[in-house]
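Me: I am new to reading structures, and I would like a close look at one helix. Could you start there and then show me how its surroundings are built?

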Amino acid sequence: MKVEAIGLSKRFGEVVAVDDASFSAESSEVLAILGPSGCGKTTLLRLIAGLIRPDRGVVKFDEVNVTDTPPQNRGIGFVFQSLTLFPNLTVEENIGFSLDAKGWSYDSIRARVRELLELVRLEGLETRYPRELSGGQQQRVAIARALAAETRLLLLDEPLASLDVALRGDLLVEVKNLQESLGITTIYVTHDQSEAFAVSDKIAVMFDGKIEAIGDTFQIYMDPPTEKVAKFVGATNSLTGIVKTVGEEGASVGLGDTVLNVPTKLKIRNGQRIKVLVRPESLLIEDGAPSDSTFQGKVENVLFRGDRVQLRVDTEFGLLESVVRDPSRYTEFLGKRGRKVSVKIDSRSVIVIPGE
Amino acid sequence: MYGERDGERRSLVLRPSLPLLVAVAFFFFLFVVPLSHVLAGASAEEFLELVKTPRIQRIVADTFIQAILSSIPSLLMAIPIAYFFAKYSFPGATIIRALFLVPFFTPAFAFAEALFLLFDPQGAINVILMRTLNLQAPPISILYSMKAVVLAHVFYYTPLAAILLEGGFSSVDQNLIDAAQICGASSRKTFRRIVAHQLVPAFAAAFALVFVFSFLTFSTPLLVGGNFYTTELEIYYYWSKLGGWPRARTLSILQLAFNLAFISLVFWSRERVFKARTLGEVGQLRREKLSLRLFRGGSGMIIVFAFIVLLFELLPVYAILVSSVTDEPFSLLPRKLTANNFIDLFRYDFGGGVSFTGSITLSVLIAGFVSLITVAASLATAYGLVHSDRKGRSALGAITSMPLAVSSTAMALALYASYGVPPLGLYGRWELIALAHMLYAFPLTTRIIESALLKVNPDLVDASLTLGASRAYTFFAVEIPIIGKNVFAASLIAFSSSLSEFTFSYVFSVAGIQTMPVLVTRLLDRTIPLLDLASAGTSIILAMIFLAVAASAIVAKRGLGLAL
């Protein structure tokens, strides 16, 4: 089913929760709505579900306007952040809830529940109550319940937020597999960029109630359209430079005394100020004297993050963040704390945005 | 805590017209129609003339002073007991809490009776003091004065204030207390700077309610006040003896206006003091197991004081129970126990074929009916309240609590004028007493159910709706099972309040339609009161109330969740 939101707006008192949001998700597509806490992404999802009425705007399912259709008649499945399993009902009753509400026969409900339990690998737990399940099992029941009755659109509101990191990884794969096997159009709300990238075909990035950018997942990551989006998807280092020369494949940019050749298809001209956004993993720390392609910095902090080492380096462009994906080098970097180092930018993955 | 979430969240899906219609119809029939009889025909001239009358001025001032004097000690005594129940867990806590609540549901005459047993010149306390201090005359003489009325009110309303404050203490955010103590704040400073302001809403609610109940007092000053008059008594006397209905009506409007102004002032102050300092949702107070280790230091003093308050509350109940099983009515430690008082009570001829057995049947019938209808109406009302937006909820909450602020005597007459006479002609029938009992049980049961509904996670309702269930299906399949215990607790509270109600039962009693409290009062209201039989009757009422309150407390697990 194709889902369209056209100019959706919602205000709560003085607060504008969603401001003129428009997007579409094609049939069988997974759209992730990504944004920081409080940016309005849950409100947007609730507007799609019909749990909240928009002040302005339209929601369409397969070209049909459903803005005034009550949620129970939209054919949606909704997985809430708090899971919302009915505490007084067993696993079986929770999953069969929507079928019972729709008047299915007892035998049909049982058959469908068995099918769903098998799908989410919870066979044998039919008679348990939610409190008797682990977090991951509860999550699976919530998903099975959302899929139970002729679901045409699956809405997931931070479905993994209440789980521990290890379980989150496993379930993310399961959710993705489940969605692919069923081919249901899915909207997945999250504040976690890695979750959004892992699960989606398309991403909408939201800030302060507005959709700042929307596009193909890979494209949003590799070529974010604004500095805000770039920073949110990981390019946290921002350096201002001047375009020296422009060529077919890219441009030569002056960053202080350093010259950086960056790949870009932007229409830029010589002498223009631009922003160069660099991911921490593209900021390389080297020994040796500075050269044309490096600049100097002083190591301020070294943090061991388990699978990586994170460094903060004070440079003429301000504090920059570097990540080294080799934890065995932690002690080596610890020895460099407070010392001057050469900083090099791996120009292959930088993002260039016109400056102000 | 879900109740703190935006009311709009709950109202967006469906505007519940049917439950609201049921609630409005019930409230209109039960309260608005009779109230219109109170208000109809009142004039400004009559009002001004009444306000200028020196006797009325004095009585209003006396009633106000009495209400303040009753409220402050009730609240002060409730603080340690509320903290005690909120903070400490121990075996039998639910039963002790239920026992502690019994005085609130005790009929007024029962405490009057306890006052006789304890403070009469031959009463147990006077006798003990005379013997201990070797005195010739009884040292305590408080019967038939404002002091006795205030003492009775402190006895009645300390448990009520404690329930409300317990709710306040339980929702104090333990994280904030921990944070304050980690920052080096002493217990005293933590209480003053962190805990106290979080208790403001509960204090405001408790103070407003105890004040209003004390201001509207009728049976207590009637039985133990002597020459001390309250506005409610004056309304009764105007109506029954002095100048007829017009003056009684004007005085009851004055009383209603005074109460509403006072409640508004308290809640306005609460908003001013509290609102600006609240930061989102609050947590829960961490509970501790009661142990001897706690008796050291400040906690020990609180626990000891809480026990003293418990004894204060239970002594009158104990005096009545003991008096019912002995031939020595003034003794607290009788030498011989007997069941004769109960046997004599059931054999006693009240005249006109009225017996105590018959009054038990009648009281239980009325209480059962009241409980059933009131809870059904409260369910519809609470549902409407919870699904209104926040401002609407406050306004509707205040309106549905109004019966508690209106003169019982005036409402009794208004109910009589509305439904006692033809076409309904209910006077002389138990249904009229039941209607009146519903009116006063309704605000309490509505608050209990509303409070429970507010705690239902609204996401559960949304989940049900997105799963294709209708709003009605969701209510019966999701919300009702979750709040079922609270609904049952509310029905038992309605049952208890009906069982012990005195004013309406007294005003509407005719031969053959006399509830247990009315019959016990008849045993006391004689030249020589039949204290032994009255004690037996009161003990039966107290036992029934205790069973109902204990059952509701056990079912609701902790407290009754009154959200006022």
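How many Å does helix α25 (residues 531-555) of chain B reach from its first C-alpha to its last?

Reply: Helix α25 of chain B reaches 35 Å from its first C-alpha to its last. For its 25 residues, that is close to the 36 Å expected at 1.5 Å a residue; the expected span is 1.5 Å times one less than the number of residues. Please keep in mind that this is a predicted model, in which local features need a pLDDT of at least 70, side-chain atom pairs count only at pLDDT 80 or more, and totals for chains, interfaces and linings use all residues. Residues are numbered from 1 along each chain as its sequence is written, while chains are lettered from A and ligands numbered from 1 in the order in which they are written.

α25(B) is mostly covered, with 18 of its 25 residues buried.

Chain B holds 25 helices and two strands; helices here are DSSP runs of H or I with at least four residues, strands are runs of E with at least two, and both are numbered from the N terminus. Of the 564 residues in chain B, 51% are buried. Among its contacts with a separation of 6 or more, 82% link residues 24 or more positions apart. Two residues are in contact if their C-beta atoms, placed from the backbone, lie within 7 Å.

Another helix you can check in the same way is α11 (residues 200-215) of chain B. Its 16 residues should span 22 Å at 1.5 Å a residue, and its end C-alpha atoms are 22 Å apart, so the two values agree. Because 15 of the 16 residues of α11(B) are buried, this helix is largely enclosed by the rest of the structure.

Next, pick out a single residue. B:Ala490 sits in helix α22 of chain B, and it counts as buried because it has 32 C-beta neighbours inside 10 Å. Setting aside its neighbours within four places in sequence, B:Ala490 touches B:Val375, B:Ser378, B:Thr445, B:Ile448 and B:Ile449. B:Leu76, by contrast, is 414 residues away along the chain, and its C-alpha atom is separated from that of B:Ala490 by 27 Å.

Helix α22(B) also leads us to the partner chain. 20 residues of chain B are in contact with 23 residues of chain A. On the chain B side, α21 (458-466) and α22 (471-500) each supply at least two residues, and α21(B) gives the largest share, seven residues. By type, the residues on this side are 11 nonpolar, five polar and four charged. Here Ala, Val, Leu, Ile, Met, Phe, Trp, Tyr, Cys and Pro are nonpolar, Asp, Glu, Lys and Arg are charged, and the others, Gly among them, are polar.

Six of its six residues are buried, so β8(A) is largely enclosed by the rest of the structure. One face carries A:Thr185, A:Ile187 and A:Val189, and the other carries A:Thr186, A:Tyr188 and A:Thr190. Strand β3 (residues 30-34) of chain A runs parallel to β8(A) and is joined to it by five bridges; two strands pair if DSSP finds at least two bridges between them. Strand β7 (residues 153-157) of chain A is also parallel to β8(A), again with five bridges. A:Tyr188 is the bridge partner of A:Ala32 and of A:Leu156.

β1 (residues 3-12) and β2 (residues 15-25) are antiparallel over seven bridges, with A:Lys10 partnered by A:Val18. β1(A) and β2(A) form a hairpin with two residues between them, and A:Gly13 in the turn has a positive phi of about 60 degrees.

Definitions and conventions. Buried ≥ 20, exposed ≤ 12 C-beta atoms within 10 Å, placed from the backbone.
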